[in-house]
Amino acid sequence: MLHILNKSPLERPAFDACLRIAEPGSLLLIEDAVYAAARGTEVAARVQAAMGRHKVYVLLPDAEARAIADRLIDGVTPVGYDGFVDLVATHNNCQSWL
Amino acid sequence: MSEGTIKKFMFVNRTAPYGTVYALESLEVVLISAAFDQDVSLVFLGDGVWQLKKGQQTKAIETKNFSPTYRALEGYDIEKLYVEREALDARGLAEEDLIVDVTVLSSAEIGKLMEEQDVVLSF
């Protein structure tokens, strides 16, 4: 399953809801959820812990817009729009945590 | 505008840029307010501090990068920019990561400043 997150993990509960529910799979961080991929935030440790169970991707154009592309947590995989499409196409199902 | 009472206006910015339109809308209203010679303060709380993060590159999302506008506020005599220290700490940010000079205050200090305002506008 591909879990798509678009809300800031620092202000909204969707991120924690996803981590609580999701079986091992893939997480794609887009829009304001890209802040979850930044080093040094108060949620970074939770993201790193989640990386033991999930493959974590971040949409690079959204990370660049928010000026955090140069501080991604090690092991988070940046993807472009083409990579986003590939992730959707290669997973059986998607859940958007709106 | 005729000579009138100068009121204390505070713009409260609590959202990250680009994900929603709040940050840009706030900036537009701030610029309008500059025309009325009021005592304007901007505060950045929580995810609002991301609005001031240096190095925003919006080409790939095909959205206007409005972050340089914060540097232009000084030219409109809007010089009171306050940033919540707790919000910076929670995001691993330091003052050097911000695009403009700001005054960093604690949450409690910002709360006191809010009490002193005549008008508070929330974004």
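Trainee: What pLDDT does chain B average?

Mentor: This is a predicted model, in which local features need pLDDT of at least 70, side-chain atom pairs count only at pLDDT 80 or more, and totals for chains, interfaces and linings use all residues. Residues are numbered from 1 along each chain as its sequence is written, while chains are lettered from A and ligands numbered from 1 in the order in which they are written. The pLDDT is the predictor's confidence in each residue, from 0 to 100. In chain B, 98% of the residues score at least 70, and the average is 96.

Trainee: In what order do the elements of chain A run from the N terminus on?

Mentor: Helices (H or I, at least four residues) and strands (E, at least two) are DSSP runs, numbered from the N terminus. Chain A has four helices and five strands. From the N terminus on, their order is β-α-β-α-β-α-β-α-β.

Trainee: Why is chain A as compact as a globular protein of that length?

Mentor: The radius of gyration is taken over C-alpha atoms, and the globule rule is 2.2 Å times the number of residues to the power 0.38. For 98 residues the rule gives 13 Å, and chain A is as compact as a globular protein of that length because its radius of gyration is close to this, at 12 Å.

Trainee: How many residues of chain B are in contact with chain A?

Mentor: Two residues are in contact if their C-beta atoms, placed from the backbone, lie within 7 Å. On the chain A side 17 residues take part, and on the chain B side the number is 19.
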